[in-house]
Amino acid sequence: MAIKQTTPTDEFVKGLWRDNPVFIQVLGMCPALAVSNTAINSLAMGLATTFVLLMAGLSVSLLRNFIPKEARIVSYICIIATFVTCVDYAIMAISIELHRALGAFIALIVVNCLILGRAEAFASKNNPGRAIMDALGMGVGFTGALFFIGVVREILGAGTLFGIEMFPDGYQTWTIMVLPSGGFLAMAGWLLLVNWIRQQQDEAEKRAAEEATT
Amino acid sequence: MTDASLWSIFLNSALINNFVLAYFLGICPFFGVSSKLDTAWRMGAAASFVMLVASTCAYGINLVLNAVGAEYLRIISYILVISSTVQLVEMLLKKLSPATFRAMGIFLPLITTNCAILGLALFQTNKGYGFVQCLFYAVGAGAGFALALVLMAGVREKLDLSNVPQLVQGTAAALIVAGILSMGFMGFAGLGR
């Protein structure tokens, strides 16, 4: 990535689809599955993670020339843990109910491999502007993926969306979807859809390339 | 301090609220190394060991932090102390018992920054367990993690031999299997509490 010149917009866009952290890279699965039982929980989790990604990316990028190579992972973890603590207390101040619903998973953003992965693979090698764009893209991609999983689970599992009833009275809720196994199944469903779309795209590209050569 | 009995704490963390299948902790190694039974065993054993160490550390740190009134440092000190202690134990193990070290090998450092470890430390703090309760909680969590990993590996070894549609191969298949396993573990929900 360092050799090929890419515009900041490219760094942003790649996180949305081509390198989507959840569906393509399969990083940060634990929070993606654990707190995505309602749409609002998954949005909150996504935003919290995006904030940490952004701040950690910025700090790592600014400090990249000062952090010794041998101690870099430890330093990154310290930086990330600091921002996670901020988020933890901020959410507690905004809504104690939300904090209770997300539980220990806010603190567990520290060990979300997505954040450390981006700090190590991208922010430590690029200037702050690009690091911010990359973190934003990844964060939005992550939030979006979480949101999609959360929407499916809430609609099917509770018959509501953002707490608003979606179906007439007779609807039998799929309790399984709000339970842990529903997380795995909803995620598997989205993954299948994404895989299928990618397969279609690949085939279309291949056909276009063949037509171009003949 | 809760007064739950040690046995129910163990059952709770191992089966009813299995760390992998009910709390979604440690999903990365769960999918990463669960393709062979042999590695799954070792990973499970190493994780149980690290959990025990981490649990002890976390209990100590929590005492100190509460004493000086610096609870906001909990996350940062947990992760730093736990990972350095595990590294220390790793060196000791290498010196004292090379055979065990070889068996656990690369897995020890990998597990340290796993969310199951930090999750364990945070949960036991939130629940306010005493020292012995913490130990039982950690052993249960480790056993549950190993159990889930081994079960998953067993299923995936069989799955490799069957003819799976190309679209479903890989992560999607693993997720579906995990979903079904998790449904099975829901059956334990009536066991205790």
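Read from one end of its sequence to the other, chain A of this predicted model follows the pattern α-α-α-α-α-α-α-β-β-α-α. That makes nine helices and two strands in chain A. The C-alpha trace of chain A spans about 60 × 60 × 25 Å along its principal axes. Chain A has 214 residues, and 43% of them count as buried. Contacts in chain A can also be sorted by how far apart the partners lie in sequence. Taking the contacts between residues at least 6 apart, 76% join residues at least 24 apart.

Chain A is in contact with chain B: 31 residues of chain A meet 30 residues of chain B. On the chain B side, four helices each supply at least two residues, namely H2, helix H4 (74-96), helix H7 (115-127) and helix H9 (171-186). Of the elements of chain B, H9(B) gives the most to this side, with nine residues. What kinds of residue make up the side of chain B that touches chain A? They divide into 23 nonpolar, seven polar and no charged.

One residue of chain B deserves a separate look. Phe24(B) lies in the loop between helix H1 (6-16) and helix H2 (27-32) of chain B. Is Phe24(B) buried or exposed? A residue is buried if 20 or more other C-beta atoms lie within 10 Å of its own. Phe24(B) has 27 C-beta neighbours inside 10 Å, so Phe24(B) counts as buried. The backbone of this residue is also worth checking. Most residues other than glycine have a negative phi. Phe24(B) is not a glycine, yet its phi is positive, at about 60 degrees.

Key
Residues numbered from 1 in each chain as written. Chains lettered and ligands numbered in written order. Predicted model: local features only at pLDDT ≥ 70, side-chain atom pairs only at ≥ 80, totals over all residues. Buried ≥ 20, exposed ≤ 12 C-beta atoms within 10 Å, placed from the backbone. Contact = placed C-beta atoms within 7 Å. Nonpolar A, V, L, I, M, F, W, Y, C, P; charged D, E, K, R; others polar.
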